[in-house]
Structures are given as structure tokens and as C-alpha cells.
Amino acid sequence: MSIFLNRLREHFADVFYIWWHEMVKVVKDEGVLMFLVIVPLGYPLLYSWIYNNEAVHEVPVAVVDQSHSALSRQFIHDCDATADVDVKYYAEDLDEARSLVSRQLCKGIYLIPSDFATNISRGEQGTISVYCDMSLMLAYKAVYQTAMVEAGRLGAGLNIKKAGNYTKREDAITAQPLAVDEVTMFNPSGGYGSCVLPAVLMLILQQALALGIGMAAGTARERNKNGQLIPNDDPHYRGAYQIVWGKALCYGMTGAIAAAYLSMAVPRMFSFPQLADGKTLFLMLLPYTIACIFFGMTVSCLVRYRENVMLLMVFVSVPLLFLTGVSWPQSSIPGAWQGVSWLFPSTFGVRAFIRVNSMGATINQILPDIRILWIQAAAYLGLACLVYRHQFRLARKYASD
């Protein structure tokens with residue numbers, strides 16, 4: 001029994017020694033400190049500040065008015081009076097307007113044909129062509145929706161004039177025979193930031209941990225004489241499990257602070273939807289943070305030099321955001337790519353965070369995501385132990401040689 005207790009005591013002593021040793025290396029290494037501390041603290045503020053306006057306003061457009069009628073001038077005036085569109089240029093023809101778009105002087109074109117007013121006066125349908133620069137989604141949305149709304153209002157006004165009603169109630173029914181109440185769910189402001197930024201915050205947590213752990217691994221390989229993750233001249237590094245748990249304890253402390261900051265502080269600073277309570281967030285973030293840590297430790301075996309991890313993780317940042325199903329519908333993602341997305345904790349961490357924080361889901365409603373995160377945490381823990389066990393054997397072989 002005493003032998004078992006002594007070995008257990010040595011085991012915990014090694015774990016805490018490795019934890020303290022890794023903490024010292026994190027503080028002294030500027031690169032690792034930047035990814036584990038500065039990036040989770042500053043990067044979300046930059047992203048959130050850029051999208052803090054939620055929507056774009058006063059998008060410049062060019063107008064090609066070939067009708068030169070009172071109706072066309074009214075349509076142009078109504079569009080220009082909105083907060084989303086600024087009628088900044090008047091072009092003689094469509095070629096001149098396209099030139100303005102190609103020079104990025106405007107983001108859209110309203111083409112009013114010469115027979116616009118004539119067709120309407122005959123009781124026929126008038127047409128307005130809308131050309132949008134599709135390179136920026138928010139600008140396209142402002143230009144297109146403004147034209148649709150104002151054209152609908154203009155048409156409603158014309159119908160009221162032709163109807164010859166006697167009361168305002170009849171005018172209202174003529175303008176809108178079917179009343180529709182638009183209720184924006186989960187994103188009251190209808191903004192881009194409230195839609196995408198919660199997903200980006202969770203992705204930042206995974207990327208920051210993976211980058212920091214990978215850079216620390218690259219530094220260890222460069223400094224160790226054997227070129228491996230484990231030094232062969234330190235007696236405390238004598239077991240793969242002690243090494244994994246010691247490193248995980250170090251990265252878990254920094255990851256816990258970053259997770260709390262990203263999930264509670266940043267949404268409150270920028271008024272993003274925040275419907276989850278502290279207990280639900282804790283139960284969701286605990287497996288996600290652990291899975292991200294062991295995922296980063298597993299990926300670190302691929303890092304030979306400090307710079308390699310930046311090339312690896314930055315390259316996959318945008319695809320990982322798409323694979324979460326936030327910026328692109330999950331149902332439209334091919335099955336093969338959905339299978340690839342199951343390898344990354346961010347896929348289920350982002351979905352669970354959005355459901356509880358933006359949609360008000362309960363812990364029971366995100367249990368499938370939480371179970372998968374725990375499975376990923378266990379799987380990557382096993383892989384990390386295998387990786388470091390192999391590194392431990394190589395270090396012992398190098399020492400014996």
C-alpha cells in the first residue's frame with residue numbers, strides 16, 4: 001500500500017511540476033503568450049467593433065432614369081430618403097453606370113426604362129431593373145431590399161388612387177389585402193454581427209488554444225537536443241500520462257479564462273444576444289474547452305517548427321466557420337464535408353453556443369452536442385496520450401543511445 005501511495009504521490013508531483021514548468025514557458029514565450037492570452041482578449045474586440053453597426057447604411061447607388069417622369073422621380077426620391085441607400089450618381093446609360101460600379105464608386109444600379117410611366121398609365125406592369133455588386137453581401141441586401149420595399153409602396157399608392165375608396169380603412173385593405181406581421185426571431189436587430197460573431201467567438205477559442213499549444217510544441221522541438229516534444233534530461237518527464245495531464249492543467253487555466261471572457265464579457269460589451277444562464281454556459285463550455293485543449297495537443301505532434309502551426313490553423317479557419325452551418329446552411333453542406341466537420345470541436349461547440357446564447361435553448365435541448373463534445377474530448381485525450389507516449393519512447397531511446 002505504501003508503494004502505491006508513493007507512486008501516486010510521485011505521479012501528482014510530476015503533474016504539478018510539468019504544470020508549473022509549462023506555465024513558466026507560456027509566460028516567458030512571447031509567441032505562446034500572444035496566442036493564449038492576447039489573441040483571445042483582443043481579437044474578439046476587433047471583430048466585434050468592426051461589425052458593431054450590425055448593418056450597412058447609405059450604400060451609394062447609380063440611377064439610370066430613362067423615363068424622366070413624375071413616377072420615376074418619386075421612386076428615386078423614396079429610395080434616397082431611406083437610411084440604407086444613397087442615390088449618389090445619375091448616369092446617362094447602363095454602360096456609364098457599370099463603369100461607376102467597376103470603379104467601386106457605387107454598389108448598385110437602378111435602371112428605370114423609358115416606358116415605365118407609360119405602361120403604368122395604360123394599366124400594364126411597370127418594371128425597374130436592379131443591378132447589385134454581389135461581392136459584399138450587406139451592400140447587396142441594402143440595395144435590393146430598398147428597391148423592393150419602395151417599389152411595393154409606390155405600387156400600393158397607385159392601387160389606392162385607382163380604387164376610388166371612401167375611407168382610410170378601405171385604402172389600407174387595398175394597399176395590403178393580406179396583413180403580415182414580421183417577427184425577427186433570435187436576431188431582433190437583423191444585424192450581421194449578432195448572426196455571425198457568436199460563432200466566431202467560439203472558433204477563436206479553439207484556434208487560439210491550438211495555435212498556442214502548437215507553438216509551444218514547436219519551441220520544445222527546437223530547444224530539445226533530441227528534437228522531440230519531451231526533453232530527455234528532465235527526470236520529472238517520465239510518463240506520458242503525467243506529461244499530458246500537466247500540460248492540460250496549464251492550458252486549461254488559460255482556456256477557462258478565455259472561454260469565460262468570450263462567452264460572457266464580449267457579448268455583453270457589444271449587446272449581442274445573451275439568453276443563457278451561467279450554469280448552462282458552464283456545462284456547455286466545459287467539454288468544449290477540454291476537447292479543444294486535447295485537440296490542440298494532438299495536432300501539435302504535426303508541428304516541427306514554431307511557424308508551422310500558424311500555416312496549419314490559419315488555413316483551416318474559414319472552412320471551419322462554414323462547416324459549423326452558421327454562414328452556410330448545414331443542410332446544404334455535402335455529407336462528406338459534414339463528416340470532416342465532426343473531427344473538430346468547433347463544429348458542435350459553435351452550434352451549442354448559438355442555441356443556448358442566441359436562441360435560449362435549455363441544457364436538455366443541446367445534450368446531443370454536449371455528448372459529442374465529451375466523446376471528442378475523450379478521443380483526443382487518448383490520441384494525445386498515444387502521441388506523447390511515442391515521443392516519450394523516442395526521448396528514452398535517444399538518451400540510451
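## Domain arrangement

The centres of domain 1 and domain 2, taken over C-alpha atoms, are separated by 50 Å. Domain 1 comprises 2-52 + 189-400, and domain 2 comprises 59-175; these bounds come from an automatic or database domain assignment.

The model is predicted, so local features need pLDDT of at least 70 and side-chain atom pairs count only at pLDDT 80 or more, while totals for chains, interfaces and linings use all residues. Residues are numbered from 1 along each chain as its sequence is written, and side-chain values use heavy atoms, with hydrogens and water left out.

## Aromatic contacts

Nine aromatic pairs are counted under the rule that rings of Phe, Tyr and Trp (its six-membered ring) pair if their centres lie within 6.5 Å, with planes under 30 degrees apart classed as stacked, over 60 as edge-to-face and the rest as tilted. The pair Phe-270 and Phe-272 is stacked because the ring centres are 6.1 Å apart and the planes lie at 25°. Phe-270 is buried at a relative accessible area of 14%, and Phe-272 is buried at 5% (buried means under 20% relative accessible area, exposed over 50%, partly exposed in between, with a 1.4 Å probe and protein chains only).

Phe-295 and Tyr-380 form an edge-to-face pair, 5.3 Å centre to centre with 80° between the planes. Phe-295 belongs to helix α10 (residues 278-299) and Tyr-380 to helix α14 (residues 367-400), so this pair ties together parts that are 85 residues apart in sequence. Helices are DSSP runs (H or I, at least four residues), numbered from the N terminus. Both Phe-295 and Tyr-380 are buried.

Phe-16, Trp-19 and Trp-20 form one aromatic cluster. Elsewhere, the charged end of Arg-351 sits over the ring of Phe-348, 5.7 Å from the ring centre; the criterion is CZ of Arg, or NZ of Lys, within 6 Å of the ring centre and within 35 degrees of the ring normal.

## Nonpolar surface patch

Tyr-43, Leu-46, Trp-49 and Ile-50 form a nonpolar surface patch with about 460 Å² of accessible area together. Patch members have over 30% relative accessible area and no salt bridge, and nonpolar side chains (Val, Leu, Ile, Met, Phe, Trp, Tyr) are joined within 5 Å. A salt bridge here is a side-chain nitrogen of Lys or Arg within 4 Å of a carboxyl oxygen of Asp or Glu. Areas follow the Shrake-Rupley method with a 1.4 Å probe. Tyr-43 lies in helix α2 (residues 30-50) and counts as partly exposed at 38% relative accessibility.

## Met-253 and Met-23

Met-253 is located in helix α9 (residues 240-269) and is partly exposed, with 38% relative accessibility. Met-253 and Met-23 are 230 residues apart in sequence and 9.5 Å apart in space, C-alpha to C-alpha.

Technical notes
Patches are made of residues with over 30% relative accessible area and no salt bridge: like charges are joined within 9 Å, nonpolar side chains (Val, Leu, Ile, Met, Phe, Trp, Tyr) within 5 Å. Helices (H or I, at least four residues) and strands (E, at least two) are DSSP runs, numbered from the N terminus.
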